[in-house]
Amino acid sequence: MIPIRYNLRNLAVRRATTLATALGVGLVVFVLAAALMLTEGLRRTLSRSGQPDNAVVMRKGSDNELSSSIANTQVGQIASAPGVKKDADGRPLAVGDVVAVIFADLANGKGKSNIVIRGVTPEGIAFRPEVKVVEGTLPRPGTEEVMVGRKIARRFEGLDLGGELELRKNRSAKVVGVFEAGGSSYESEVWGDLDYVAGAFGREGMVSMVRVRLESPALFDGFAAAVEQDKRLGFDAMPELEFYEKASEQTAVFITAMGVIIAVFFSIGAMIGAMITMYGAVANRRSEIGVLRALGFSRTTILVSFLFESVLLSLLGGLLGIAAASTLGMVKFSMMNFQTFSEIVFAFEPTSEILISALVFGGVMGVIGGFLPAIRAARTAPIEAMRG
Amino acid sequence: MSAEATKADDGHTKPRADKPTIIRCQDLGRTFWRGKERLDVLEELDLEIPEGSFEALMGPSGSGKTTLLNIIAGLDRPTRGRIEVAGKSLGDLSEAALAKWRSQTIGFVFQHFNLIPVLTAVENVELPLLLTKVPASERKKRAQTALRVVGLEDRMDHRPQQLSGGQEQRVGIARAIVHDPKIIVADEPTGELDRQSADDVLTLLERLNREFDKTILMVTHDPAAAERASVLRKLDKGRLS
């Protein structure tokens with residue numbers, strides 16, 4: 001084999017071309033990694049809202065909280081299904097929320113966006129121990145007070161502590177607290193009293209969805225069978241984690257598809273760049289390649305060596321790309337969740353799988369971009385050595 | 001057709017008629033096409049070179065010297081005729097087999113030295129050994145020994161651009177001998193050198209021929225270089241004269 005240092009030093013000698021090509025590849029890897037990190041960020045943010053031993057019950061045919069409605073009187077039936085855990089006082093751990101969406105002004109004055117408004121009971125807050133007030137206080141039951149998720153607290157007009165938010169005409173809410181919820185999607189919501197929110201949106205006597213805590217995740221099938229048994233009630237049950245996974249699906253597919261499409265388009269340019277660089281390398285080193293062929297190195301060895309050099313070049317770019325993408329971990333991103341049509345804030349989540357995949361993508365670009373030049377190199381006749 | 005000019009009593013190695021033939025060309029021809037124009041660069045060429053001789057090949061530009069050298073070294077194939085080198089009929093070898101044969105049998109010395117610029121002297125010399133099963137540590141030792149033979153033990157870690165032309169050519173010679181080939185082919189080895197460096201290189205080639213029994217075939221335009229060979233052959237219009 002031709003020693004690796006031959007390729008490394010040749011890349012170092014042509015440092016300006018090497019760097020320019022690597023930056024092109026790096027940009028593609030950066031875009032791809034960023035899109036995948038965004039998808040992962042969304043998925044994790046939504047999945048943090050779910051618990052493995054929780055189950056959700058919705059109206060049959062609904063796929064999100066906005067389109068589902070269950071009468072308050074039916075909550076008790078759901079809560080009495082087998083497998084539902086009970087608290088210290090023997091009451092089943094089951095809560096129903098009212099979920100609605102309002103269209104509100106962004107704080108930066110750049111338009112409007114949707115906010116999820118969740119009406120909850122004190123039991124509903126206690127049901128989610130990850131929810132903690134970090135500024136101000138909890139809203140008092142039966143009042144127009146609301147608390148705001150940390151991620152959107154300053155993104156919308158009126159969501160500052162002490163601010164006022166208009167839920168509906170003449171139905172304003174006063175912000176008395178800011179809460180965290182373990183980085184989950186709840187942090188992109190506004191929570192108020194169940195009855196006040198239901199009244200504001202004309203949904204009295206209804207909840208959107210019921211959440212129950214099971215004795216164990218293994219009991220889900222029995223619980224679901226009991227809840228879904230009565231066809232007249234028309235309920236669908238599913239594990240909470242699965243619900244959030246589905247909630248992220250459309251948006252995740254959209255982000256991934258956008259990222260991949262952009263990366264693929266960019267990669268065509270980067271591959272052409274790598275190809276031009278490698279063609280240049282082959283042309284400049286024609287005599288050298290001839291010498292290697294004259295000394296007895298086979299066509300395959302030459303092909304592999306030049307292909308390897310192209311991959312090295314691309315991996316260098318890939319490393320630059322993933323290094324740049326890794327810094328995005330600190331950046332927060334806000335976009336529409338297609339499931340609820342509301343704004344959700346999440347961070348880029350760099351994982352080793354994503355970074356490795358993006359790097360491999362860079363390497364593949366090197367293989368594709370370097371293939372034709374490597375073939376040209378391998379076809380160099382040994383007699384070229386004599387031509388000097 | 002074969003012609004040999006033997007120098008006598010000049011202190012140099014004489015052709016060894018008693019030795020077996022190592023290079024044999026029979027009715028060799030090589031034709032190139034430039035568009036529709038036919039160029040017969042070599043024609044009906046017969047040649048026998050005994051093992052261990054040091055032969056110079058002279059002739060005007062376009063006479064076919066380098067083409068003949070290329071064919072003998074297995075870099076090119078004849079259009080007609082038969083060529084046998086070191087017991088192998090080169091026409092019978094596949095391209096891969098020919099490459100392997102070259103790596104074992106031939107040492108190359110080029111006019112333009114043709115060292116790999118990004119590799120040090122010792123790394124350049126080591127290249128032919130990468131095609132063998134010699135372990136890495138042994139490869140380096142052999143490359144260092146070859147550089148000592150050519151008097152460059154103090155330039156082992158220098159890159160080609162840090163060496164003079166004469167030193168570069170000596171590295172080229174070290175590369176040509178490191179894998180102990182039977183034959184060294186040299187294409188204008190002094191063409192790029194000043195007189196002193198050319199003399200040093202020719203002395204080295206003589207030494208390789210005399211002390212290490214290498215068969216050397218050298219193409220040259222330089223009469224002073226040809227003088228140093230034991231046999232001088234002249235080629236004109238594709239025929240030995």
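## Salt bridges

Over all chains of this predicted model, the count comes to 47 salt bridges, a salt bridge being a side-chain nitrogen of Lys or Arg within 4 Å of a carboxyl oxygen of Asp or Glu. In chain A, D97(A) and R128(A) meet in such a bridge, at 2.4 Å from N to O. The pair links distant parts of the chain, 31 residues apart, with D97(A) in strand β3 (residues 94–105) of chain A and R128(A) in the loop between α4 (122–126) and β5 (131–136) of chain A; helices (H or I, at least four residues) and strands (E, at least two) are DSSP runs, numbered from the N terminus. D97(A) has a relative accessible area of 1% and is therefore buried, as is R128(A) at 3%, where buried means under 20% relative accessible area, exposed over 50%, and partly exposed in between (1.4 Å probe, protein chains only).

In chain B, the closest N and O atoms of E55(B) and R233(B) are 2.3 Å apart in a salt bridge. Because E55(B) lies in strand β4 (residues 54–58) of chain B and R233(B) in strand β10 (residues 231–236) of chain B, the pair ties together parts that are 178 residues apart in sequence. E55(B) is buried with a relative accessible area of 0%, and R233(B) is buried with 1%. A salt bridge also joins D180(B) to K214(B), with the closest N and O atoms 2.4 Å apart. Here D180(B) sits in the loop between α5 (165–177) and β8 (183–187) of chain B, and K214(B) in the loop between α6 (195–211) and β9 (215–219) of chain B, 34 residues apart. D180(B) counts as exposed at 55% relative accessibility, whereas K214(B) counts as buried at 6%.

## The open sheet of chain B

An open sheet of four strands in chain B has the order β3-β2-β5-β6, with antiparallel pairing; two strands pair if DSSP finds at least two bridges between them. The edge strands, each pairing on one side only, are β3 (37–50) and β6 (88–89) of chain B. Ten bridges pair β2(B) with β3(B) in the antiparallel sense, and R30(B) stands opposite L42(B) in β3(B). These two strands form a hairpin with two residues between them, and G35(B) in the turn has a positive phi of about 65 degrees. On β5 (residues 80–85) of chain B, strand β2 (residues 21–34) of chain B finds an antiparallel neighbour joined to it by five bridges, with I83(B) as the bridge partner of C25(B).

Most residues other than glycine have a negative phi.

## Conventions

Residues are numbered from 1 along each chain as its sequence is written, and chains are lettered from A and ligands numbered from 1 in the order in which they are written. In this predicted model, local features need pLDDT of at least 70 and side-chain atom pairs count only at pLDDT 80 or more, while totals for chains, interfaces and linings use all residues, and side-chain values use heavy atoms, with hydrogens and water left out.
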